[in-house]
Amino acid sequence: MSSKKKQNKMERGLTNRHVQVMAIAGTIGTGLFLGAGRSISLTGPSIVLIYLITGAFMFLMMRAVGEMLYQDPEQHTFINFITRHLGKGWGHFAVWSYWLSVVFIGMAEITAISHYVQFWFPSWPSWLIQVGFLTVLGLVNLIAVKLFGEVEFWFAMIKIVAILAMIVTGIFMVLTGFETPHGVASLANITDNFSLFPNGSVNFVMAFQMVFFAYLMIEFIGVTTSETKNPRQVLPKAVKEIPLRIAFFYGGSLIAIMAIIPWRELASADSPFVTVFELAGVKWAAALINFVVLTSAASALNSTLYSTGRHLYQIAQDLPNPLLKAIKADTLSRYNVPQNAILASTILIATAAFINVLPGVSDAFALITASSSGVYVAIYILIMMAHLKYRKSSDFMADGYLMPHYRFLNPLTMLFFAFVFVTLFLQESTFVGAIGSAIWIIGFGIYSQWKFRK
(Lines give C-alpha, C1' and ligand atoms only; values in the text may rest on other atoms or scores of the structure.)
Protein backbone atom coordinates (compact mmCIF):
# COMPACT_ATOMS: atom_id res chain seq x y z
CA MET A 1 0.00 0.00 0.00
CA SER A 2 1.66 3.11 -1.08
CA SER A 3 0.78 5.00 1.76
CA LYS A 4 -1.17 7.16 4.03
CA LYS A 5 -4.11 7.53 1.67
CA LYS A 6 -5.61 4.26 2.90
CA GLN A 7 -6.20 4.61 6.59
CA ASN A 8 -6.06 1.74 9.07
CA LYS A 9 -9.78 1.36 9.79
CA MET A 10 -9.35 -1.61 12.10
CA GLU A 11 -10.51 -1.30 15.67
CA ARG A 12 -7.77 0.07 17.95
CA GLY A 13 -8.81 -2.22 20.79
CA LEU A 14 -5.44 -3.35 22.17
CA THR A 15 -4.22 -1.61 25.32
CA ASN A 16 -0.65 -0.93 26.44
CA ARG A 17 -1.11 -3.74 29.03
CA HIS A 18 -1.98 -6.22 26.26
CA VAL A 19 0.91 -5.24 24.02
CA GLN A 20 3.59 -5.14 26.73
CA VAL A 21 2.77 -8.62 28.05
CA MET A 22 2.40 -9.99 24.50
CA ALA A 23 5.79 -8.42 23.69
CA ILE A 24 7.39 -10.24 26.63
CA ALA A 25 5.80 -13.59 25.72
CA GLY A 26 6.37 -13.01 21.99
CA THR A 27 10.10 -13.53 22.50
CA ILE A 28 9.46 -16.90 24.20
CA GLY A 29 8.76 -19.80 21.84
CA THR A 30 7.38 -23.23 22.76
CA GLY A 31 10.83 -24.54 21.80
CA LEU A 32 12.30 -23.19 25.04
CA PHE A 33 10.12 -25.60 27.06
CA LEU A 34 10.50 -28.63 24.81
CA GLY A 35 13.70 -28.06 22.80
CA ALA A 36 16.04 -26.65 25.46
CA GLY A 37 17.42 -30.11 26.30
CA ARG A 38 18.26 -30.79 22.66
CA SER A 39 19.96 -27.43 22.10
CA ILE A 40 21.92 -27.66 25.40
CA SER A 41 23.09 -31.21 24.60
CA LEU A 42 24.32 -29.95 21.22
CA THR A 43 26.85 -27.41 22.50
CA GLY A 44 26.64 -27.16 26.30
CA PRO A 45 26.76 -23.88 28.27
CA SER A 46 27.78 -21.92 25.15
CA ILE A 47 24.13 -22.28 24.05
CA VAL A 48 23.43 -19.22 26.24
CA LEU A 49 25.83 -17.21 24.06
CA ILE A 50 24.02 -18.43 20.90
CA TYR A 51 20.65 -17.36 22.34
CA LEU A 52 22.05 -13.92 23.20
CA ILE A 53 23.77 -13.40 19.81
CA THR A 54 20.66 -14.50 17.87
CA GLY A 55 18.45 -12.41 20.14
CA ALA A 56 20.64 -9.34 19.51
CA PHE A 57 20.16 -9.67 15.73
CA MET A 58 16.42 -10.25 16.09
CA PHE A 59 16.31 -7.06 18.17
CA LEU A 60 18.15 -5.15 15.42
CA MET A 61 15.58 -6.40 12.89
CA MET A 62 12.83 -5.20 15.20
CA ARG A 63 14.50 -1.79 15.43
CA ALA A 64 14.37 -1.57 11.62
CA VAL A 65 10.70 -2.64 11.56
CA GLY A 66 9.97 -0.32 14.48
CA GLU A 67 11.53 2.67 12.74
CA MET A 68 9.37 2.21 9.64
CA LEU A 69 6.18 1.51 11.63
CA TYR A 70 6.82 4.55 13.82
CA GLN A 71 7.01 6.72 10.69
CA ASP A 72 3.72 5.28 9.37
CA PRO A 73 1.71 3.70 12.24
CA GLU A 74 -1.34 3.34 9.97
CA GLN A 75 0.22 0.19 8.50
CA HIS A 76 -0.98 -3.09 10.00
CA THR A 77 1.70 -5.19 8.28
CA PHE A 78 5.42 -4.55 7.78
CA ILE A 79 5.22 -6.22 4.32
CA ASN A 80 3.87 -2.91 2.98
CA PHE A 81 7.31 -1.40 3.48
CA ILE A 82 8.87 -4.08 1.24
CA THR A 83 6.36 -3.18 -1.51
CA ARG A 84 6.88 0.54 -1.02
CA HIS A 85 10.70 0.56 -0.97
CA LEU A 86 11.71 -2.52 -3.02
CA GLY A 87 8.91 -2.55 -5.59
CA LYS A 88 5.75 -4.51 -6.33
CA GLY A 89 7.65 -7.63 -7.45
CA TRP A 90 9.36 -8.18 -4.08
CA GLY A 91 6.21 -7.01 -2.30
CA HIS A 92 4.19 -9.71 -4.12
CA PHE A 93 6.82 -12.32 -3.24
CA ALA A 94 6.99 -11.24 0.42
CA VAL A 95 3.27 -10.89 1.13
CA TRP A 96 2.30 -14.30 -0.30
CA SER A 97 5.42 -16.05 1.08
CA TYR A 98 4.89 -14.60 4.54
CA TRP A 99 1.17 -15.41 4.61
CA LEU A 100 1.79 -19.01 3.51
CA SER A 101 4.71 -19.42 5.96
CA VAL A 102 2.55 -18.24 8.88
CA VAL A 103 -0.31 -20.52 7.72
CA PHE A 104 2.12 -23.48 7.83
CA ILE A 105 3.30 -22.42 11.29
CA GLY A 106 -0.38 -22.44 12.30
CA MET A 107 -0.75 -25.95 10.83
CA ALA A 108 2.28 -27.13 12.81
CA GLU A 109 0.94 -25.53 16.03
CA ILE A 110 -2.54 -27.07 15.68
CA THR A 111 -0.90 -30.49 15.09
CA ALA A 112 1.19 -30.01 18.26
CA ILE A 113 -1.89 -28.94 20.26
CA SER A 114 -3.63 -32.25 19.55
CA HIS A 115 -0.59 -34.16 20.92
CA TYR A 116 -0.57 -32.06 24.12
CA VAL A 117 -4.33 -32.61 24.69
CA GLN A 118 -3.90 -36.36 24.10
CA PHE A 119 -1.47 -36.39 27.07
CA TRP A 120 -4.63 -36.30 29.23
CA PHE A 121 -7.19 -37.71 26.76
CA PRO A 122 -5.35 -40.29 24.61
CA SER A 123 -8.59 -41.69 23.14
CA TRP A 124 -9.73 -38.35 21.66
CA PRO A 125 -9.20 -38.22 17.87
CA SER A 126 -6.58 -35.60 16.92
CA TRP A 127 -8.69 -34.12 14.09
CA LEU A 128 -11.55 -33.39 16.51
CA ILE A 129 -9.21 -31.65 18.98
CA GLN A 130 -7.71 -29.55 16.17
CA VAL A 131 -11.07 -28.48 14.74
CA GLY A 132 -12.36 -27.68 18.25
CA PHE A 133 -9.38 -25.45 19.12
CA LEU A 134 -9.51 -23.69 15.77
CA THR A 135 -13.23 -23.00 16.17
CA VAL A 136 -12.77 -21.43 19.61
CA LEU A 137 -9.72 -19.32 18.68
CA GLY A 138 -11.27 -18.39 15.34
CA LEU A 139 -14.29 -16.97 17.21
CA VAL A 140 -11.96 -15.10 19.59
CA ASN A 141 -10.34 -13.41 16.58
CA LEU A 142 -13.66 -12.69 14.86
CA ILE A 143 -15.48 -11.08 17.78
CA ALA A 144 -13.19 -8.15 18.66
CA VAL A 145 -9.55 -7.14 18.85
CA LYS A 146 -9.96 -6.45 22.57
CA LEU A 147 -11.08 -10.06 23.21
CA PHE A 148 -8.10 -11.35 21.22
CA GLY A 149 -5.83 -9.14 23.34
CA GLU A 150 -7.35 -10.38 26.59
CA VAL A 151 -7.05 -14.08 25.65
CA GLU A 152 -3.48 -13.55 24.44
CA PHE A 153 -2.64 -11.66 27.66
CA TRP A 154 -3.56 -14.66 29.83
CA PHE A 155 -1.87 -17.18 27.53
CA ALA A 156 1.25 -15.02 27.78
CA MET A 157 1.03 -14.77 31.57
CA ILE A 158 1.06 -18.58 31.91
CA LYS A 159 4.32 -18.79 29.93
CA ILE A 160 5.91 -15.96 31.90
CA VAL A 161 4.91 -17.37 35.32
CA ALA A 162 6.25 -20.85 34.38
CA ILE A 163 9.67 -19.44 33.44
CA LEU A 164 9.80 -17.19 36.51
CA ALA A 165 8.97 -20.22 38.70
CA MET A 166 11.78 -22.18 37.02
CA ILE A 167 14.34 -19.40 37.55
CA VAL A 168 13.29 -18.88 41.21
CA THR A 169 13.53 -22.67 41.78
CA GLY A 170 17.04 -22.65 40.29
CA ILE A 171 18.15 -19.73 42.50
CA PHE A 172 16.74 -21.44 45.62
CA MET A 173 18.47 -24.76 44.80
CA VAL A 174 21.84 -23.10 44.13
CA LEU A 175 21.71 -20.90 47.28
CA THR A 176 20.78 -23.87 49.51
CA GLY A 177 23.20 -26.34 47.87
CA PHE A 178 20.24 -28.58 47.00
CA GLU A 179 21.20 -32.25 46.56
CA THR A 180 19.80 -34.00 43.47
CA PRO A 181 20.51 -37.46 41.99
CA HIS A 182 22.83 -35.56 39.61
CA GLY A 183 24.85 -33.96 42.42
CA VAL A 184 24.73 -30.58 44.17
CA ALA A 185 22.99 -27.68 42.41
CA SER A 186 25.74 -25.14 41.76
CA LEU A 187 26.97 -22.63 39.17
CA ALA A 188 30.11 -24.77 39.07
CA ASN A 189 28.10 -27.19 36.92
CA ILE A 190 28.31 -24.52 34.21
CA THR A 191 31.78 -23.03 34.75
CA ASP A 192 33.89 -26.13 35.52
CA ASN A 193 35.78 -27.30 32.42
CA PHE A 194 33.88 -24.76 30.32
CA SER A 195 34.49 -25.01 26.57
CA LEU A 196 33.03 -22.90 23.76
CA PHE A 197 32.89 -25.94 21.45
CA PRO A 198 32.54 -28.97 23.77
CA ASN A 199 31.09 -31.10 20.95
CA GLY A 200 32.95 -29.43 18.09
CA SER A 201 32.51 -26.19 16.15
CA VAL A 202 30.03 -27.74 13.68
CA ASN A 203 27.55 -28.50 16.49
CA PHE A 204 28.02 -24.95 17.79
CA VAL A 205 27.16 -23.54 14.35
CA MET A 206 24.21 -25.95 13.87
CA ALA A 207 22.67 -24.71 17.11
CA PHE A 208 22.11 -21.25 15.57
CA GLN A 209 19.27 -22.39 13.30
CA MET A 210 17.57 -24.22 16.20
CA VAL A 211 17.78 -21.09 18.35
CA PHE A 212 16.73 -18.82 15.46
CA PHE A 213 13.45 -20.71 15.07
CA ALA A 214 12.72 -20.30 18.77
CA TYR A 215 12.45 -16.57 18.01
CA LEU A 216 10.16 -16.89 14.95
CA MET A 217 7.19 -14.48 14.88
CA ILE A 218 8.97 -11.98 17.13
CA GLU A 219 7.94 -9.45 14.46
CA PHE A 220 4.31 -10.05 15.48
CA ILE A 221 4.69 -7.30 18.09
CA GLY A 222 5.01 -4.77 15.27
CA VAL A 223 1.69 -5.93 13.81
CA THR A 224 -0.20 -5.59 17.11
CA THR A 225 0.98 -2.05 17.91
CA SER A 226 -0.92 -0.65 14.91
CA GLU A 227 -4.14 -1.64 16.68
CA THR A 228 -3.42 0.26 19.88
CA LYS A 229 -4.75 3.75 20.58
CA ASN A 230 -1.26 5.31 20.75
CA PRO A 231 1.04 3.24 18.49
CA ARG A 232 3.88 5.80 18.59
CA GLN A 233 3.94 5.58 22.39
CA VAL A 234 3.57 1.82 22.67
CA LEU A 235 5.94 0.70 19.87
CA PRO A 236 9.30 2.07 21.15
CA LYS A 237 8.66 0.74 24.67
CA ALA A 238 7.71 -2.71 23.35
CA VAL A 239 10.78 -2.94 21.10
CA LYS A 240 13.49 -1.43 23.30
CA GLU A 241 12.84 -3.90 26.13
CA ILE A 242 13.37 -6.95 23.88
CA PRO A 243 17.11 -7.41 24.78
CA LEU A 244 16.35 -7.38 28.52
CA ARG A 245 13.58 -9.96 28.05
CA ILE A 246 15.81 -12.22 25.96
CA ALA A 247 18.68 -12.05 28.47
CA PHE A 248 16.38 -12.68 31.43
CA PHE A 249 13.97 -15.31 30.13
CA TYR A 250 16.28 -17.30 27.84
CA GLY A 251 19.59 -16.67 29.61
CA GLY A 252 18.06 -17.02 33.09
CA SER A 253 16.16 -20.24 32.42
CA LEU A 254 19.07 -21.96 30.59
CA ILE A 255 21.54 -21.04 33.36
CA ALA A 256 19.07 -22.28 36.01
CA ILE A 257 18.64 -25.61 34.18
CA MET A 258 22.40 -26.20 33.78
CA ALA A 259 23.14 -25.15 37.38
CA ILE A 260 20.74 -27.84 38.66
CA ILE A 261 21.56 -30.60 36.16
CA PRO A 262 25.11 -30.97 34.72
CA TRP A 263 24.56 -30.32 31.02
CA ARG A 264 26.13 -33.60 29.83
CA GLU A 265 23.41 -35.48 31.74
CA LEU A 266 20.58 -33.67 29.98
CA ALA A 267 18.81 -36.01 27.56
CA SER A 268 18.01 -34.23 24.31
CA ALA A 269 14.56 -35.86 24.13
CA ASP A 270 13.37 -34.74 27.58
CA SER A 271 12.08 -31.36 28.67
CA PRO A 272 14.55 -29.95 31.24
CA PHE A 273 11.65 -27.94 32.71
CA VAL A 274 9.88 -31.19 33.67
CA THR A 275 13.10 -32.59 35.17
CA VAL A 276 13.80 -29.45 37.24
CA PHE A 277 10.29 -29.29 38.71
CA GLU A 278 10.36 -33.05 39.45
CA LEU A 279 13.68 -32.62 41.31
CA ALA A 280 12.06 -29.78 43.30
CA GLY A 281 9.38 -32.23 44.44
CA VAL A 282 6.54 -31.31 42.09
CA LYS A 283 5.05 -34.75 41.40
CA TRP A 284 2.78 -33.49 38.63
CA ALA A 285 5.61 -31.65 36.83
CA ALA A 286 5.00 -33.40 33.49
CA ALA A 287 1.31 -32.44 33.55
CA LEU A 288 2.22 -28.86 34.57
CA ILE A 289 4.69 -28.37 31.71
CA ASN A 290 2.30 -30.07 29.29
CA PHE A 291 -0.31 -27.47 30.29
CA VAL A 292 2.24 -24.66 29.79
CA VAL A 293 3.27 -25.86 26.32
CA LEU A 294 -0.40 -26.39 25.41
CA THR A 295 -1.19 -22.76 26.26
CA SER A 296 2.03 -21.66 24.54
CA ALA A 297 1.01 -23.47 21.33
CA ALA A 298 -2.56 -22.12 21.65
CA SER A 299 -1.07 -18.63 22.05
CA ALA A 300 1.03 -19.12 18.88
CA LEU A 301 -2.07 -20.36 17.02
CA ASN A 302 -4.14 -17.41 18.28
CA SER A 303 -1.43 -15.01 17.05
CA THR A 304 -1.23 -16.89 13.75
CA LEU A 305 -4.96 -16.42 13.08
CA TYR A 306 -4.62 -12.72 13.94
CA SER A 307 -1.60 -12.29 11.65
CA THR A 308 -2.78 -14.39 8.68
CA GLY A 309 -6.18 -12.65 8.70
CA ARG A 310 -4.61 -9.20 8.51
CA HIS A 311 -2.09 -10.21 5.85
CA LEU A 312 -4.74 -11.80 3.64
CA TYR A 313 -6.85 -8.66 4.08
CA GLN A 314 -3.81 -6.65 2.95
CA ILE A 315 -3.28 -8.91 -0.08
CA ALA A 316 -6.95 -8.54 -1.04
CA GLN A 317 -6.62 -4.75 -0.91
CA ASP A 318 -3.29 -4.45 -2.73
CA LEU A 319 -3.30 -7.45 -5.09
CA PRO A 320 -6.98 -8.21 -5.79
CA ASN A 321 -7.79 -11.44 -7.65
CA PRO A 322 -11.10 -13.19 -8.49
CA LEU A 323 -10.90 -15.67 -5.59
CA LEU A 324 -10.21 -13.00 -2.94
CA LYS A 325 -12.96 -10.83 -4.44
CA ALA A 326 -15.40 -13.73 -4.34
CA ILE A 327 -14.84 -14.29 -0.61
CA LYS A 328 -14.75 -10.50 0.07
CA ALA A 329 -11.40 -10.80 1.86
CA ASP A 330 -10.88 -7.02 1.62
CA THR A 331 -13.87 -6.12 3.84
CA LEU A 332 -14.14 -5.46 7.59
CA SER A 333 -16.91 -6.74 9.85
CA ARG A 334 -19.08 -4.49 12.03
CA TYR A 335 -16.49 -5.11 14.76
CA ASN A 336 -13.82 -3.65 12.42
CA VAL A 337 -11.89 -6.91 12.04
CA PRO A 338 -11.08 -8.59 8.68
CA GLN A 339 -13.69 -11.30 9.24
CA ASN A 340 -13.62 -13.05 5.84
CA ALA A 341 -9.81 -13.02 5.65
CA ILE A 342 -9.61 -14.58 9.15
CA LEU A 343 -12.22 -17.22 8.20
CA ALA A 344 -10.37 -18.15 4.99
CA SER A 345 -7.04 -18.49 6.86
CA THR A 346 -8.69 -20.55 9.62
CA ILE A 347 -10.26 -22.96 7.10
CA LEU A 348 -6.90 -23.42 5.34
CA ILE A 349 -5.12 -24.11 8.66
CA ALA A 350 -7.91 -26.59 9.52
CA THR A 351 -6.92 -28.75 6.54
CA ALA A 352 -3.91 -29.84 8.65
CA ALA A 353 -6.32 -31.92 10.74
CA PHE A 354 -7.10 -34.06 7.69
CA ILE A 355 -3.70 -33.90 5.95
CA ASN A 356 -2.07 -35.50 8.99
CA VAL A 357 -4.18 -38.67 8.71
CA LEU A 358 -3.12 -39.30 5.09
CA PRO A 359 0.25 -41.15 5.19
CA GLY A 360 1.78 -40.05 1.88
CA VAL A 361 0.40 -36.51 2.08
CA SER A 362 1.56 -35.99 5.68
CA ASP A 363 5.19 -36.54 4.59
CA ALA A 364 4.84 -33.84 1.93
CA PHE A 365 3.19 -31.58 4.51
CA ALA A 366 6.19 -32.03 6.86
CA LEU A 367 8.49 -31.03 4.00
CA ILE A 368 6.44 -27.91 3.17
CA THR A 369 6.34 -26.87 6.83
CA ALA A 370 10.13 -27.25 7.08
CA SER A 371 10.59 -25.30 3.84
CA SER A 372 8.52 -22.37 5.12
CA SER A 373 11.07 -21.84 7.91
CA GLY A 374 13.79 -21.04 5.36
CA VAL A 375 11.44 -18.68 3.50
CA TYR A 376 11.07 -16.73 6.75
CA VAL A 377 14.81 -15.96 6.63
CA ALA A 378 14.43 -14.50 3.11
CA ILE A 379 11.57 -12.24 4.27
CA TYR A 380 13.66 -10.96 7.20
CA ILE A 381 16.46 -10.08 4.75
CA LEU A 382 13.95 -8.22 2.53
CA ILE A 383 12.77 -6.24 5.58
CA MET A 384 16.36 -5.10 6.22
CA MET A 385 16.80 -4.18 2.53
CA ALA A 386 13.54 -2.17 2.65
CA HIS A 387 14.85 -0.33 5.73
CA LEU A 388 18.04 0.69 3.88
CA LYS A 389 15.91 2.06 1.02
CA TYR A 390 13.59 3.79 3.50
CA ARG A 391 16.55 5.70 4.97
CA LYS A 392 17.26 7.19 1.52
CA SER A 393 13.60 7.88 0.65
CA SER A 394 11.42 10.97 1.04
CA ASP A 395 9.45 9.05 3.71
CA PHE A 396 12.40 9.11 6.13
CA MET A 397 11.51 10.72 9.46
CA ALA A 398 14.70 12.16 10.95
CA ASP A 399 13.15 12.65 14.39
CA GLY A 400 11.52 9.20 14.49
CA TYR A 401 12.41 6.02 16.38
CA LEU A 402 15.73 5.48 14.60
CA MET A 403 17.73 2.25 14.34
CA PRO A 404 21.21 3.02 15.76
CA HIS A 405 24.31 2.85 13.49
CA TYR A 406 22.17 1.45 10.69
CA ARG A 407 24.87 1.77 7.99
CA PHE A 408 26.92 -0.90 9.76
CA LEU A 409 24.32 -2.86 11.77
CA ASN A 410 21.75 -3.30 8.99
CA PRO A 411 24.11 -5.12 6.54
CA LEU A 412 25.56 -7.09 9.48
CA THR A 413 22.05 -8.29 10.39
CA MET A 414 21.46 -9.39 6.78
CA LEU A 415 24.75 -11.33 6.85
CA PHE A 416 23.63 -13.07 10.04
CA PHE A 417 20.31 -14.12 8.47
CA ALA A 418 22.19 -15.44 5.41
CA PHE A 419 24.47 -17.40 7.78
CA VAL A 420 21.39 -18.93 9.49
CA PHE A 421 20.04 -19.98 6.08
CA VAL A 422 23.34 -21.73 5.28
CA THR A 423 23.24 -23.61 8.62
CA LEU A 424 19.95 -25.21 7.52
CA PHE A 425 22.00 -27.30 5.06
CA LEU A 426 24.23 -28.71 7.83
CA GLN A 427 21.65 -30.87 9.62
CA GLU A 428 19.91 -33.89 8.14
CA SER A 429 16.56 -32.91 9.69
CA THR A 430 16.56 -29.47 8.02
CA PHE A 431 18.48 -30.21 4.78
CA VAL A 432 15.47 -31.18 2.63
CA GLY A 433 13.47 -28.21 3.97
CA ALA A 434 16.39 -25.90 3.10
CA ILE A 435 16.38 -27.23 -0.48
CA GLY A 436 12.60 -26.73 -0.66
CA SER A 437 12.82 -23.14 0.60
CA ALA A 438 15.68 -22.33 -1.82
CA ILE A 439 13.54 -23.61 -4.74
CA TRP A 440 10.57 -21.49 -3.56
CA ILE A 441 12.67 -18.34 -3.09
CA ILE A 442 14.29 -18.63 -6.53
CA GLY A 443 11.19 -19.84 -8.42
CA PHE A 444 8.53 -17.61 -6.85
CA GLY A 445 11.00 -14.71 -6.64
CA ILE A 446 11.67 -14.85 -10.41
CA TYR A 447 7.92 -15.22 -11.14
CA SER A 448 7.04 -12.22 -8.93
CA GLN A 449 9.68 -10.04 -10.61
CA TRP A 450 8.43 -11.13 -14.05
CA LYS A 451 4.79 -10.48 -13.12
CA PHE A 452 5.58 -6.86 -12.20
CA ARG A 453 8.43 -6.30 -14.68
CA LYS A 454 6.81 -3.11 -15.99
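Start by selecting helix H20. Thr430, Gly433, Ala434, Ser437, Ala438, Phe444, Gly445 and Ser448 are buried there. This is a predicted model, so treat each stop as computed.

Keep H20 on screen and check its length. The helix covers residues 428-451, which is 24 residues. At 1.5 Å a residue it should span 34 Å, and its end C-alpha atoms lie 35 Å apart, so the two values agree.

**Salt bridges**

Next, turn to charged side chains. Side chains of opposite charge can pair when their charged atoms come close. The count here is five salt bridges.

Select Arg391 and Glu67. They form a salt bridge, with the closest N and O atoms 2.6 Å apart. Arg391 sits in helix H18 (residues 359-391) and Glu67 in helix H3 (residues 47-71), so the pair ties together parts that are 324 residues apart in sequence. Are these two residues buried or exposed? Arg391 has a relative accessible area of 13%, and because the cut-off for buried is under 20%, Arg391 counts as buried. Glu67 is buried too, at 1%.

Now select Asp395 and Arg84. Their side chains meet in a salt bridge, 3.3 Å from N to O. This pair also links distant parts of the chain, 311 residues apart. Asp395 is in the loop between H18 and helix H19 (406-423). Arg84 is in helix H4 (residues 79-86). Asp395 is partly exposed, with 22% relative accessibility.

Which residues does it join? Asp72, Arg84 and Asp395 are linked in a network of salt bridges.

Move on to Lys237 and Glu241. This salt bridge has its closest N and O atoms 3.0 Å apart. Lys237 is partly exposed at 34% relative accessibility. Glu241 is partly exposed as well, at 25%.

**Positive phi**

Switch to backbone torsions. Most residues other than glycine have a negative phi. Two stops follow.

Select Met217. Where does it lie? Met217 is in the loop between helix H9 (201-214) and helix H10 (220-225). Its phi is near 75°, a positive value in a residue other than glycine. Met217 counts as buried, with 10% relative accessibility.

Finish at His405, in the loop between H18 and H19. Its phi is positive, about 45°, although His405 is not a glycine. Buried or exposed? His405 is exposed, with a relative accessible area of 66%.

Notes
Residues are numbered from 1 along each chain as its sequence is written. This is a predicted model: local features need pLDDT of at least 70, side-chain atom pairs count only at pLDDT 80 or more; totals for chains, interfaces and linings use all residues. Side-chain values use heavy atoms; hydrogens and water are left out. A salt bridge is a side-chain nitrogen of Lys or Arg within 4 Å of a carboxyl oxygen of Asp or Glu. Helices (H or I, at least four residues) and strands (E, at least two) are DSSP runs, numbered from the N terminus. Buried means under 20% relative accessible area, exposed over 50%, partly exposed in between (1.4 Å probe, protein chains only). The expected span of a helix is 1.5 Å times one less than its number of residues.
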